[in-house]
Amino acid sequence: MLLAVIGIFGLSLASLGIGLYKTFAAFKYIFTEGLPDSGDKSYLLGFIETVDLFLLATVFYIIALGLYELFIDADIKVPAWLEVKSIDDLKVKLIVVIVMTLAVLFLGKIISWDGKSDLMGFGIAIGAVVFSLSYFIGKKEKE
């Protein structure tokens, strides 16, 4: 399990590093090229994707810490909101990441929408997955 903890912590660092790189690249672009045209909203997707990377880094860190707490050292000092009591707690955290990623993916489609392609099928499919995962979380919380 230590290898899993190290691997997931590495994913956290990688996500954080890519997020920082994208942040600095955005600042560099703004300072060298100027602000985008007010009608152009495509840059918003890049900003949202960058925030998503930072959130992913945070969740990966929490999952790595949770695995460490479950399998290696149950006495590690963490805030109450960060305590992990079971694998199901970690599954819920992973499901939240999946839902968040699907939301960013759908937002990207909306921002880059050409007005011609059909987004309804895509949106319904994402909605079905989010509904199923939410149902799963609700069932686990009742247990």
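Visitor: Which side chain does aspartate 88 meet in a salt bridge?
Guide: Lysine 91, at 3.7 Å from N to O. Bear in mind that this is a predicted model.

Visitor: How many salt bridges does the structure hold?
Guide: Three. One of them joins the side chains of lysine 22 and glutamate 49, at 3.8 Å from N to O. That pair links distant parts of the chain: lysine 22 belongs to helix α1 and glutamate 49 to helix α2, 27 residues apart.

Visitor: What is the accessibility of lysine 22 and of glutamate 49?
Guide: Lysine 22 has 32% relative accessibility and so counts as partly exposed. Glutamate 49, at 31%, is partly exposed as well.

Visitor: And what does glutamate 83 meet in a salt bridge?
Guide: Lysine 85, with 3.3 Å from N to O. Glutamate 83 is partly exposed, its relative accessible area being 36%, whereas lysine 85 counts as exposed at 64%.

Visitor: Aspartate 52 next. Which helix is it in?
Guide: Helix α2, which covers residues 42–71.

Visitor: Which side chain of opposite charge is nearest to aspartate 52?
Guide: Lysine 22, but it is 8.8 Å away. Aspartate 52 is buried and has no salt bridge. A salt bridge needs nitrogen and oxygen within 4 Å.

Visitor: What does aspartate 52 touch, then?
Guide: Met100, Thr101 and Val104, once residues up to four places away in sequence are left out.

Visitor: Back to α1. What does it span?
Guide: Its 32 residues reach 46 Å from first C-alpha to last, close to the 46 Å expected at 1.5 Å a residue.

Visitor: Which of its residues are buried?
Guide: In α1 these are Val5, Ile8, Ser12, Ser15 and Gly19. Serine 15 has 10% relative accessibility, which is why it counts as buried.

Visitor: What is serine 15 in contact with?
Guide: Leaving aside neighbours within four places in sequence, serine 15 is in contact with Leu53, Leu56, Ala57 and Phe60.

Visitor: What follows α1?
Guide: Glycine 34, with a positive phi near 95°.

Visitor: Switching to rings. How many aromatic pairs are there?
Guide: The structure holds three. In one of them, phenylalanine 27 and phenylalanine 31 have ring centres 6.4 Å apart and planes at 20°, so the pair is stacked.

Visitor: Why does 20° count as stacked?
Guide: Because planes under 30 degrees apart count as stacked, and the planes of phenylalanine 27 and phenylalanine 31 are at 20°.

Visitor: How far apart are they along the helix?
Guide: Phenylalanine 27 and phenylalanine 31 are four residues apart in helix α1, so about one helical turn separates them. Phenylalanine 27 is partly exposed, with a relative accessible area of 46%, while phenylalanine 31 is exposed, at 69%.

Visitor: What sits over the ring of phenylalanine 122?
Guide: The charged end of lysine 109, which is 5.4 Å from the ring centre.

Visitor: Now α4. How many residues does it have?
Guide: Helix α4 has 23, running over residues 120–142. From its first C-alpha to its last, α4 reaches 32 Å, close to the 33 Å expected at 1.5 Å a residue.

Visitor: What do its buried residues pack against?
Guide: The buried residues of α4 pack against α3, residues 87–111. They are Ile126, Leu133 and Ile137.

Technical notes. Residues numbered from 1 in each chain as written. Predicted model: local features only at pLDDT ≥ 70, side-chain atom pairs only at ≥ 80, totals over all residues. Heavy atoms only, no water. Buried < 20%, exposed > 50% of the residue type's maximum accessible area, 1.4 Å probe, protein only. Contact = heavy atoms within 4.5 Å. Helix = DSSP H or I, 4+ residues; strand = E, 2+ residues; numbered from the N terminus. Expected span 1.5 Å × (residues − 1). Phe/Tyr/Trp six-rings, centres within 6.5 Å; stacked < 30°, edge-to-face > 60°. Lys NZ or Arg CZ within 6 Å of the ring centre and 35° of its normal. Lys, Arg positive; Asp, Glu negative; His and termini not counted.
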